[in-house]
Amino acid sequence: MDPIFYTESRLKTLKGRAERCCCKYCGGRLEIRQIVFNRYEEARLEIFCIDCNRIEYGVEQDIYNSACYFVDQLHYT
């Protein structure tokens, strides 16, 4: 098994990312959830979008806002 799942830095990284990032699909709030399909407890924690019900790593809020502006103002599809 990959040793990254045993480190507390992974959990710290996930928490920090969930606080400062948003979902790249809908811009929704992210939270850490325990996903039950993995038999290793440390690997069960993932960032999850509440609004669109996806496992999501997220994107920085500023980047998401810039992309929304680009799509809305320039009508890019």
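Predicted model: local features only at pLDDT ≥ 70, side-chain atom pairs only at ≥ 80, totals over all residues.
Trainee: What share of the contacts between residues at least 6 apart in sequence join residues at least 24 apart?

Mentor: In this chain that share is 49%.

Trainee: In what order do the 3 strands of the open sheet lie?

Mentor: Strands of a sheet pair through backbone hydrogen bonds, either parallel or antiparallel. Strands are DSSP runs of E with at least two residues, helices are runs of H or I with at least four, and both are numbered from the N terminus; two strands pair if DSSP finds at least two bridges between them. Here the order is β2-β3-β4 with antiparallel pairing, and β2 (30-34) and β4 (54-55) are the edge strands, each pairing on one side only. Between β3 (residues 45-49) and β4 there are 2 bridges, and F48 has I55 in β4 as its bridge partner.

Trainee: Is A18 buried or exposed?

Mentor: Buried means under 20% relative accessible area, exposed over 50%, and partly exposed in between, with a 1.4 Å probe and protein chains only. A18, which lies in helix α1 (residues 8-20), is buried because its relative accessible area is 11%. Leaving aside residues up to four places away in sequence, A18 touches L30, E31, I32 and I47.

Terms used
Residues numbered from 1 in each chain as written. Heavy atoms only, no water. Contact = heavy atoms within 4.5 Å.
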